[in-house]
Amino acid sequence: MGPLRSVVLAGGGTGGHVYPLLAFADCLRRHDPGVRITCLGTPRGMENDLIPPQGYDLRQIPAYQLPRSVNMNLVRTPGRMWTAARAAGKVIDEVRAEVVVGFGGYVSVPAYLAAWRRELPMVIHEVNVPPGVANKLGMKFTKNVAVGFPNQPSQAESLRDATVVGVPLRRAIAGLDRYALRNAARAHFGLRPDLPVLFVSGGSSGARSINLAVSGAAKELARNGVQVLHVMGARNEPVPIPTDLPVPYVTLPYLSEMELGYAAADLMLARGGAMTVAEVAAIGLPTIYVPYPHSNQEQRRNALPVVEAGGGLLVDDGELTPDWLERTVIPLIRDPQRLYNMGAAAGSYGRRDGDEALRSFVLAAVAR
């Protein structure tokens, strides 16, 4: 078939839905600058801050939180869901979309329903186990399901027949050479080039338990020559950091250019969100994962295969203390050979071509 002329992308609410959507949009545009890309979002999601600055058309439609169980009665009952689907359908008709690609979040449901009613090809991209409730509903209408990680089809019955394509990543990350950019990245943050760096981030909203543990270990880390680059999270109250440390401890509320943090780092301490796992595995960055404890354990399932491959360590949130960090981080970050082996293991699990693989999958779905 010829090139796609018009694509509707649906995904919103959190960065885990919006970032792969944007990376995929960039991939489509690289291949065909003339393709029409229309993104669906809700008035309150992160997509409003992230999508328009990248030059993509964002259309807001109403979207509603779904009950946690998915069945056909859910589709039949709420009138407001059909109201949202009609709004999505108006956009699909206006732009003459040839395919709808959904990345999850509540805004995806109206898009899936509208595509189903029009018998329009739709593709679902899922990064979590179990699948999010929106994508789980969408799977009742299409067999075109792509997943981000090789462990997913064996971990969830609903994903048994899904195709593993990887996670679309921004080019700045997918093409990152950590070692080539290291000195420039450290200079950017005011870090010394000659001492190891622990990069800490609890995700876009931060993680207070991680912040408190690392700040509590700050003196001992610094005494052993470990620099820290610490992204506190924009929604978190800053935690106090000792001011008389002998080596740099740099704090930031938020970091949009995560590739610079990755390049500066020898080791990372992070949650186990799907995007974080996909990014650090793709670039081969050894990581200590501290999965978010108050959920269905999806972050633990995200991180565990990388850890089992030798690419990182796993610690429960309740066990993360300053003492644990001192006993674990200091000998690890001062062992270049072990770090190298961990990075190689992570890199062998991760992949950098998720955007291209998803594009091929979408083209094949439309051709069918």
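Where does Asn-128 lie? Asn-128 sits in the loop between strand 5 (122-126) and helix 6 (133-138). The model is predicted.

## Annotated binding-site residues

An unreviewed UniProt entry carries the annotation "binding site". According to that record, the annotation covers Thr-14, Gly-15, Gly-16, Asn-128, Arg-170, Ser-204 and Gln-299. Of these residues, Gly-16 and Asn-128 are included in the lining of the second largest cavity.

Is Asn-128 buried or exposed? Its relative accessibility is 15%. Buried means under 20%, so Asn-128 counts as buried. Setting aside neighbours within four places in sequence, Asn-128 is in contact with Gln-152, Leu-159, Ala-274, Glu-298 and Asn-302.

Arg-170 is also on the record's list. Arg-170 is found in the loop between strand 7 (163-164) and helix 8 (171-174). Its relative accessible area is 28%. That value falls between the cut-offs of 20% and 50%, so Arg-170 is partly exposed. Neighbours within four places in sequence aside, Arg-170 is in contact with Ala-23, Ser-256, Met-258 and Glu-259.

## The second largest pocket

Rolling a probe the size of a water molecule over the atoms shows where empty space is left. Here, the second largest pocket has a volume of about 300 Å³. A total of 19 residues line this pocket. Closest to its centre are Arg-178, Tyr-179, Arg-182, Leu-339 and Tyr-340.

Which elements give two or more residues to this lining? They are helix 9 (178-189), helix 12 (274-283) and helix 15 (336-349). Helix 15 supplies the largest share, with six residues. By class, the lining has 11 nonpolar, three polar and five charged residues.

In soluble globular proteins, nonpolar side chains tend to be buried together. The largest nonpolar core in this model has 39 residues. Phe-149, Leu-169, Phe-199, Tyr-262 and Met-268 have the most contacts inside this core. Helix 12 gives the most to the core, with eight residues. A second, separate core has 34 residues, including Ala-85, Val-107, Leu-113 and Val-129.

What does Tyr-262 touch? Leaving out residues up to four places away in sequence, its partners are Ile-173, Leu-176, Arg-178, Phe-199, Met-268, Glu-279, Val-280, Ile-283 and Leu-285. Two of these partners, Phe-199 and Met-268, are themselves on the list of residues with the most contacts in the largest core.

## Helix 5

How many of the 10 residues of helix 5 are buried? Eight are, and helix 5 (residues 108-117) is mostly covered. The buried residues are Ser-108, Val-109, Pro-110, Ala-111, Tyr-112, Leu-113, Ala-114 and Ala-115. Of these, Leu-113 also belongs to the second core. Just after the helix, Glu-119 takes a positive phi of about 50 degrees.

## A buried loop residue

Leu-195 lies in the loop between helix 9 and strand 8 (197-201). Why does Leu-195 count as buried? Its relative accessible area is 17%, and buried means under 20%, so Leu-195 is buried.

Leu-195 and Pro-248 are 53 residues apart in sequence. In space, they are 9.7 Å apart, C-alpha to C-alpha. With neighbours within four places in sequence left aside, Leu-195 is in contact with Arg-186, Gly-225, Gln-227, Val-247 and Asp-266.

Note on methods:
Residues are numbered from 1 along each chain as its sequence is written. This is a predicted model: local features need pLDDT of at least 70, side-chain atom pairs count only at pLDDT 80 or more; totals for chains, interfaces and linings use all residues. Side-chain values use heavy atoms; hydrogens and water are left out. On a 1 Å grid over the protein atoms alone, a cavity is a set of points where a 1.4 Å probe fits but cannot get out, and a pocket is an open set with protein on both sides within 12 Å along at least five of seven lines; lining residues have an atom within 4 Å of a point. Grid points are joined across faces, edges and corners, and a volume is the space filled by probe spheres set on the points. Helices (H or I, at least four residues) and strands (E, at least two) are DSSP runs, numbered from the N terminus. Ala, Val, Leu, Ile, Met, Phe, Trp, Tyr, Cys and Pro count as nonpolar, Asp, Glu, Lys and Arg as charged, and the others, Gly among them, as polar. A nonpolar core is a set of buried Ala, Val, Leu, Ile, Met, Phe, Trp, Tyr and Cys residues joined through side-chain atoms within 4.5 Å. Buried means under 20% relative accessible area, exposed over 50%, partly exposed in between (1.4 Å probe, protein chains only). Contact means heavy atoms within 4.5 Å. UniProt positions are given in the numbering used here, feature names are shortened, and annotations may be inferred rather than shown by experiment.
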